[in-house]
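Biologist: I am new to this structure. Please show me how to read its features, one at a time.

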Amino acid sequence: MTINTIIGGQWGDEGKGKIIDHLAKKADVIARYSGGNNAGHTIENDHGKFALHLVPCGVGWEGTKNLIGSGTVIDPNVLIKELELIKENNLPGEIFISEKAHLIMPYHIKLDQAEENYRGNKAVGTTGRGIGPAYSDKISRNGIRMGDLSNLQSLKIKISENLKIKNKILKEIYGEEEISEADIFDKLDGWYKKLGKYISNTEKIIHENIKKDKFILLEGAQGALLDIDHGTYPFVTSSNSISGGSLTGLGIGAKEINKVLGVFKAFCTRVGEGPFPTEIFGEEAEKIREIAGEFGTTTGRPRRIGWFDAIAAKYSAQINGLDSIVITKLDILDHFEKIKVCTGYKHRGKEIDFFPSDEIVLSEIEPIYEEFNGWNESTYNVDSIEKINSNAKEFIKNLEKIIGIPIDIISTGPSRKATIIVNQI
Ligand code: IMP
């Protein structure tokens, strides 16, 4: 039995989708464990190019079981659209949704946006998809779960109770319009008709497949530095995006996981607000953003750009228990004479060798850089380590040495073939 967890090692958007799609070729089960449609994975395969927000990337492969686990939050309208897209494009994988996954209701979306407006210049920069309010309701035990859709009568009572409070908050605190109960009730039947057949006991499916010795991939969303506990709080998402989230978000025991794989870009990006020690601005940032197309898959927002942060990467390796690393977008660095990697932090004149948790300390960090020579040669679509030149190899070797974790895969472009397998997984 093999279970691999794949996580984003930075602030999300590391290119996990392509890597999961690549590994999913041999997988039997691919399971998403956290987040919602704040995430967006772009995959490019024989069926075309797709941005998926909820359904695991394994859906592009025949014979796969694609699970959306209990740790996720689901906007039913978004999932219905995604399922239609999958059907129209004949993506062959099977889909199962956990009966325990929580629903993002229309009031969560409205509250997310109202809370952000209310925060003013202290806004988190959320995706506005209702993620935080849906997880808040889950934790305060007011949530609506996928399984609730099957019992319309009790579901309506739960929604009414919720709406009484939400509407008060919306109206009296945020000065927003109330949400109509009738509008929500009107949608419930349609949601169940379209989603009901996918709602399942996903833990049972996973454990049956563990017993049968199948190959299972656990798919992370966002990145470790956006984790609610271990990320750059409060500028984080509302779930556990680190590898530990795959246990709680799918109902799997820690000892079942064989390998944890961390996906990192060869540089860094971040969307939304919050500290970003290696952030760069001006022409250099613009150049990376344009070449790499660094605009959010979900919101279209331009992503903030920075050099690779090895202090953050080492921290990420620890909190995720990384066994190996995938480096994506190496080809973007083809266009630079000199490439920087942050190998140390300075705070108020003093060197520190850890990733601080305090948002003010983090925002005051001065990165200490090591500079590497560029390679003046295209690595775009290169598929073997022998085909990249010595400077690019040197860069990769140094990253591996600095982080202290082996690099197993290097991605050199969005397509399936633009993949260098350094060590077979
Ligand atoms: P939320 O998850 O919408 O509540 O947003 C919280 C923070 O996480 C914001 O800074 C978002 O930009 C960021 N975020 C959420 N999902 C993603 C993602 O998939 N990629 C990158 N950033 C994300």
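Modeller: Keep in mind that this is a predicted model. Let us begin with one side chain. Glu286 is partly exposed, as its relative accessible area is 37%.

Biologist: Which residue forms a salt bridge with Glu286?

Modeller: First the general idea. Side chains of opposite charge can pair when their charged atoms come close. Here the partner is Arg289, and the closest N and O atoms are 2.9 Å apart. Arg289 counts as buried, because its relative accessibility is 13% and the cut-off for buried is under 20%.

Biologist: Where do Arg289 and Glu286 lie?

Modeller: Start with helix geometry. An α-helix has 3.6 residues a turn, so residues three or four places apart point the same way. Both Arg289 and Glu286 sit in helix 9 (residues 282-292), three residues apart, about one turn of the helix.

Biologist: How many salt bridges does a search of the whole structure find?

Modeller: The search finds 20. Some share partners: Asp13, Lys265, Glu294, Arg303 and Lys329 are joined into one network.

Biologist: What about pairs that link distant parts of the chain?

Modeller: Take Arg416 and Asp21, whose side chains meet in a salt bridge at 2.7 Å, N to O. Arg416 is in the loop between strand 20 (407-411) and strand 21 (419-421), while Asp21 is in helix 1 (residues 16-24), 395 residues apart. Asp21 counts as buried, at 1% relative accessibility.

Biologist: Now domains. How far apart do the C-alpha centres of domain 2 and domain 3 lie?

Modeller: They lie 37 Å apart. Domain 2 covers 102-195 and domain 3 covers 264-421.

Biologist: What area do domain 2 and domain 3 bury between them?

Modeller: The general idea first. The size of an interface is often given as the accessible area lost when the parts come together. Here that is about 370 Å², with 46% of it on carbon and sulfur atoms. On the domain 2 side, Gly125, Thr127 and Arg129 lose the most area to domain 3, together 71% of what that side buries.

Biologist: Last, helix 10. Is it mostly covered or mostly exposed?

Modeller: Mostly covered: eight of the 11 residues in helix 10 (residues 310-320) are buried. Among them are Ile311, Tyr315 and Asn320. The buried residues pack against several elements, including strand 1 (2-8) and helix 12 (390-403).

Biologist: What marks the two ends of helix 10?

Modeller: At the start, a side-chain oxygen of Asp309 reaches to within 3.1 Å of the backbone nitrogen of Ile311. Just after the helix, Gly321 has a positive phi of about 60°.

Notes: Residues numbered from 1 in each chain as written. Predicted model: local features only at pLDDT ≥ 70, side-chain atom pairs only at ≥ 80, totals over all residues. Heavy atoms only, no water. Buried < 20%, exposed > 50% of the residue type's maximum accessible area, 1.4 Å probe, protein only. Helix = DSSP H or I, 4+ residues; strand = E, 2+ residues; numbered from the N terminus. Contact = heavy atoms within 4.5 Å. Polar contact = N/O pair within 3.5 Å; in protein donor to acceptor, adjacent residues only side chain to side chain. Domains from an automatic or database assignment. Buried area = accessible area lost by both parts, 1.4 Å probe. Salt bridge = Lys/Arg side-chain N within 4 Å of Asp/Glu carboxyl O.
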